[in-house]
Amino acid sequence: MTTILGVPTVALYGQLMLGLVNGAFYAMLSLGLAVIFGMMNVINFAHGAQFMMGAFVAWMLLNWAGIGYWAALLLAPLVVGALGIVLERLMISKLYRLDHLYGLLLTFGLALVIEGTFRNFFGSSGLPYQIPRELQGAMNLGFMFLPNYRGWVIVASLALCLLTWFVIEKTKLGAYLRAAVERPELVRAFGVNVPRMITLTYGFGVGLAALAGVLAAPIYSVNPNMGSNLIIVVFAVVVIGGMGSILGSVVTGFGLGLIEGLTKVFWPEASATVIFIIMAIVLLVRPAGLFGRA
């Protein structure tokens with residue numbers, strides 16, 4: 001059996017694949033957080049709960065309405081994003097002129113309420129969500145077998161992250177969004193409805209989290225704690241990449257997923273803390289993050 005540094009290559013390739021899958025979810029969730037913070041200066045601690053809501057909406061669509069996976073990829077983000085817009089209008093919009101701590105406390109409280117509500121109705125045990133028939137099975141890459149669904153998650157996440165980066169950084173709409181953060185009075189003078197733009201931006205960020213939840217549903221069991229298990233790691237990814245940095249969220253999300261996977265092979269005991277060790281080192285060397293602005 002071929003080995004690298006004493007580790008069988010089969011185990012190494014398998015962990016790299018799992019690291020890429022985890023990195024795909026880190027990238028999508030941190031991207032949504034970066035969009036919300038970068039455009040609204042709100043630290044959205046409810047992001048993990050909204051990720052969980054996306055998975056549950058997909059499960060409910062399938063089991064209660066007979067609506068399958070492909071339609072859920074569109075409907076679940078729209079439903080959860082609409083709920084996010086309602087929360088933004090009723091609560092979060094009142095805190096824009098206050099310190100970041102108020103937004104953090106409010107969204108943390110919302111996360112507890114959302115998770116508690118779903119736990120009350122569905123319990124804490126996981127609910128299964130079947131992989132769509134078209135993506136079942138695996139393909140032989142020669143050096144390993146890659147499950148089709150996990151390959152789809154990696155490709156879909158990467159494409160969505162790059163598309164979001166392109167829209168925000170390279171299009172007129174993205175220019176309006178960035179200008180609305182820096183100079184809202186000037187943007188209003190051009191006839192742009194800045195409050196509506198900010199509200200839709202929050203809804204889009206929440207929708208990204210919900211879409212990640214739909215992608216995660218067939219891999220992880222659908223349960224009320226699935227978001228809280230990820231959100232702390234995702235916040236570390238955002239800090240390492242740079243708060244509000246779109247490109248930083250994508251690059252660090254995938255990169256740290258790979259590093260975590262490699263750590264599980266060569267030093268399993270450190271796999272749960274390696275991302276936080278990297279975060280501490282980055283903050284000491286570059287407090288604004290790898291891609292952030294001081």
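Predicted model: local features only at pLDDT ≥ 70, side-chain atom pairs only at ≥ 80, totals over all residues.
Reader: How many salt bridges does a search of the whole structure find?

Author: Side chains of opposite charge can pair when their charged atoms come close. In this structure the search returns 1 salt bridge. Its partners are arginine 89 and glutamate 88, whose closest N and O atoms are 3.0 Å apart.

Reader: Is glutamate 88 buried or exposed?

Author: Glutamate 88 has a relative accessible area of 0% and is therefore buried. Arginine 89 is partly exposed, because its relative accessibility is 39%, a value that lies between the limits of 20% and 50%.

Reader: Which residues line the largest cavity, and which elements give two or more residues to its lining?

Author: The lining is formed by Leu33, Phe37, Val42, Ile43, Asn44, Phe235, Val238 and Met243. Two or more of the lining residues come from each of the elements α1 (9-40) and α9 (228-241). By class, 7 of the lining residues are nonpolar and 1 is polar, while no charged residues take part.

Reader: Which residues form a nonpolar patch on the surface?

Author: The nonpolar surface patch consists of Leu98, Leu101, Tyr102 and Leu105, which together have about 410 Å² of accessible area. Leucine 105 belongs to helix α4, which covers residues 100-122.

Reader: Why does leucine 105 count as exposed?

Author: The limit for this class is over 50% relative accessible area. Leucine 105 is exposed because its relative accessible area is 52%.

Reader: How should I read valine 80, and where does it lie?

Author: Valine 80 is part of helix α3, residues 69-90. Since buried means under 20% relative accessible area, valine 80, at 1%, is buried. Between valine 80 and glutamine 50 there are 30 residues of sequence separation, and their C-alpha atoms are 7.0 Å apart in space.

Reader: In which helix is isoleucine 275 placed, and what separates its C-alpha atom from that of isoleucine 232?

Author: Isoleucine 275 is found in helix α11, residues 274-285. With a relative accessibility of 3%, isoleucine 275 is therefore buried. Isoleucine 275 and isoleucine 232 are 43 residues apart along the chain, and 10 Å separates their C-alpha atoms.

Terms used: Residues numbered from 1 in each chain as written. Heavy atoms only, no water. Patch = residues over 30% accessible without salt bridge, like charges linked within 9 Å, V, L, I, M, F, W, Y side chains within 5 Å. Areas by Shrake-Rupley, 256 points an atom, 1.4 Å probe, with all protein chains shown as cover. Salt bridge = Lys/Arg side-chain N within 4 Å of Asp/Glu carboxyl O. Helix = DSSP H or I, 4+ residues; strand = E, 2+ residues; numbered from the N terminus. Buried < 20%, exposed > 50% of the residue type's maximum accessible area, 1.4 Å probe, protein only. 1 Å grid on protein atoms, 1.4 Å probe; cavity = no way out; pocket = protein on both sides within 12 Å on 5 of 7 lines; lining within 4 Å. Nonpolar A, V, L, I, M, F, W, Y, C, P; charged D, E, K, R; others polar.
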